[in-house]
Amino acid sequence: MSDGKLLEIDVGVGGLTTSARPRALGDDLHSETMIVSMGPTHPATHGTIRIVTELSGEKIVDADVDVGYLHRGFEKMCETVDYNQVMPYTDRLNYVSPVINNFGWCLTVEKLLGIEAPKRAQYIRVLLSEISRVSDHLTCLGASAMELGAFTVMLYMMEAREFLWDLIEEVTGARLTVSYGRVGGVKDDLTPDFAEKMAEAFKKVRAHLVNSDRLMTRNRIFIDRMCDIAVLTAEEAISYSLTGPMLRGSGVNYDVRKAFPYSSYEEFEFEVPLGSKGDNYDRFLVRFAEMEQSLRICEQAITRLPQGPIIVEDPHIALAPKDEVYNSIDGMINHFELVMYGVKPPKGEAYQAVEGGNGELGYYVVSDGTGKPYRAHVRAPSFIHMGSMRKMLLGANISDLIPTFGMVNMIGGECDR
Amino acid sequence: MVTSARPIEELRQVLAAACGQRLSQADLDLSTERGDLVARIKAADIFEFLKLCKESSDLCFNLLVDVTAVDWMDAREHRFEVVYQLLSLTNLWRLTVKVSVGEGNPEIASATPLWNGANFLEREVWDMFGIRFVGHPDLRRILMYEEFVGHPLRKDYPLQAKQPRIPLRMPEVENTARQMHRPDLVTIRSRRSGSGDTKQEAR
């Protein structure tokens, strides 16, 4: 190596590309660092992302996080369609919990309009959001467990997620790209036997959670790979703008549902689990505990579900009933205007945050009084959390990258928008 | 720590009192927008103001939630508006801070010395709007690639604009070197290709 030549190893498509290089001519082998580029199609990074690491032995001495591979111009596209047509785009942000993205957008536009969804719609929003949150956490923990070798846990968790997605499908008619939110309410009411189906599904989900808990939480290998890895103190976590389980894992008590309640969250009883150390294991424990809290919220929502309309009764915001459209000229005109020109919020702007699966999911929307948003911006928790990856990786081993990345739970669609 | 958000009127008073010593009344414009407090600041004062918001023990806006921008084109005197969302975890207050930036050479002080989280957020604004953050340690594009021409979220960027094709980035090392700010790596590579290594052509 002393003649300055490079060693390059290519391992298949999307595998590791390794280049070793001497720091200076004449240095011996022991002073070399190695550049390993992981991704953007690495099997263990379940998401299109590239992390370029500089290694000294197995220690990461520098890292560069390269995001943007899944950028589709969400914000630019939003400027070209009307407010309800943005809904399918929001599905494709965090595609593991699309319902939460829908409702975040609805709440922002409702804030612009100065309206509130009816009580029943708010409860349905809470119910489906919490089911989605559980499925989000199941995906995160299941995938992370699999990457650390616990394949059984992944199967348990994926099956549990399946039960929950069946519930989502029951109400919304779709599993992933649900487009269920509507400005002013929701698309459909719950099905008549939803409560029984939910009780049955939750029973099975809880059983799987118990099994997964037994396999993971006190598993020696799992603890060794997770404990004291990628520690962020509370101050560091705040400084990196972290939210959600990442921030709570560091012991900071901030949950949008508690701090700034929306959709009647103040009427539900639940706890906010907190970590103590801020390592990967704490993030895992926080997510695990949150799932039970979310199930609790769902059960409260279904028992206390109020009667009433599921969308505001304003023909300028929500489509009027069909018999009104077909049998009256006013109804027809309102329907036509709403379909052709969309909802028209007054001039102004609003920032509204909801607690997404990964943290504070915020929308900032500027209205110029027309049917299309002048500017729409998403505060994507995944994107902001990726900003702290370098800090967490410095000084860690290359093998720690995988559980750390798993616990950040980057969702490509949300991160890159 | 409080458990529910404190009223916005209190925030307005505390903020006006805290700024009173440093900023004149004309430089701080407080208004309420859809129930949220919005502070409009001159571009020259932004760093001082953010620092005050973060470090004042009465305000304690310790979490930078978001940084974004709006392109107003000709509708306003200054074309761009940079929008910060701040959050105080101790008081549970939210504050929107807005700064107008002109079109010529849009520049604004970076908030990275105050919050590490500003790093990615400001890179995104640079990438999408071409607003330069002075003092940012690593102002590269983030969602787009380095060779991308223009800034896509500007209103004058056409929706279906075509971009020039970029040459295939063959040498992994050069690519990596640029990403890691290590020009020495590039020199190693050029020395290698100068020494008659035909490995690349063979591929």
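Reader: In what order do the strands of the open sheet in chain A run, and what is the sense of their pairing?
Author: In this predicted model, the open sheet of chain A consists of 3 strands in the order β8-β9-β10, and the pairing is antiparallel.

Reader: Which strands stand at the edges?
Author: The edge strands of chain A are β8 (348-355) and β10 (373-379); each has a single partner strand, so one side of each lacks a neighbour in the sheet.

Reader: And what does the twist average?
Author: From one strand to the next, the twist averages 15 degrees.

Reader: Over how many bridges do β9 and β10 of chain A pair?
Author: Strand β9 (residues 360-367) of chain A pairs with β10(A) over 6 bridges, in the antiparallel sense. As for individual positions, V366(A) lies opposite R375(A) in β10(A).

Reader: Which helix packs on the sheet?
Author: Helix α3 (residues 98-113) of chain A does, touching β8 and β9 of chain A. The direction of α3 makes about 145 degrees with that of β8(A).

Reader: Turning to α4 and α5 of chain A, at roughly what angle do the axes cross?
Author: The axes of α4 (residues 119-147) and α5 (residues 151-172) of chain A cross at roughly 160 degrees and come within 8 Å. That angle makes α4(A) roughly antiparallel to α5(A).

Reader: Is the crossing left-handed or right-handed?
Author: The crossing of α4(A) past α5(A) is left-handed.

Reader: Which residues meet there?
Author: From α4(A), the residues include L128(A), I131(A) and L138(A); among those they meet in α5(A) are F151(A), R161(A) and W165(A). The residues of this contact between α4(A) and α5(A) divide into 19 nonpolar, 3 polar and 1 charged.

Conventions:
Residues numbered from 1 in each chain as written. Chains lettered and ligands numbered in written order. Predicted model: local features only at pLDDT ≥ 70, side-chain atom pairs only at ≥ 80, totals over all residues. Axes fitted to C-alpha atoms, helices over the stretch in contact; angles between N-to-C directions. Helix = DSSP H or I, 4+ residues; strand = E, 2+ residues; numbered from the N terminus. Parallel < 35°, antiparallel > 145°, perpendicular 65-115°, else oblique. Left-handed = near helix turned anticlockwise from the far one by under 90°. Contact = placed C-beta atoms within 7 Å. Nonpolar A, V, L, I, M, F, W, Y, C, P; charged D, E, K, R; others polar. Pairing = 2+ DSSP bridges.
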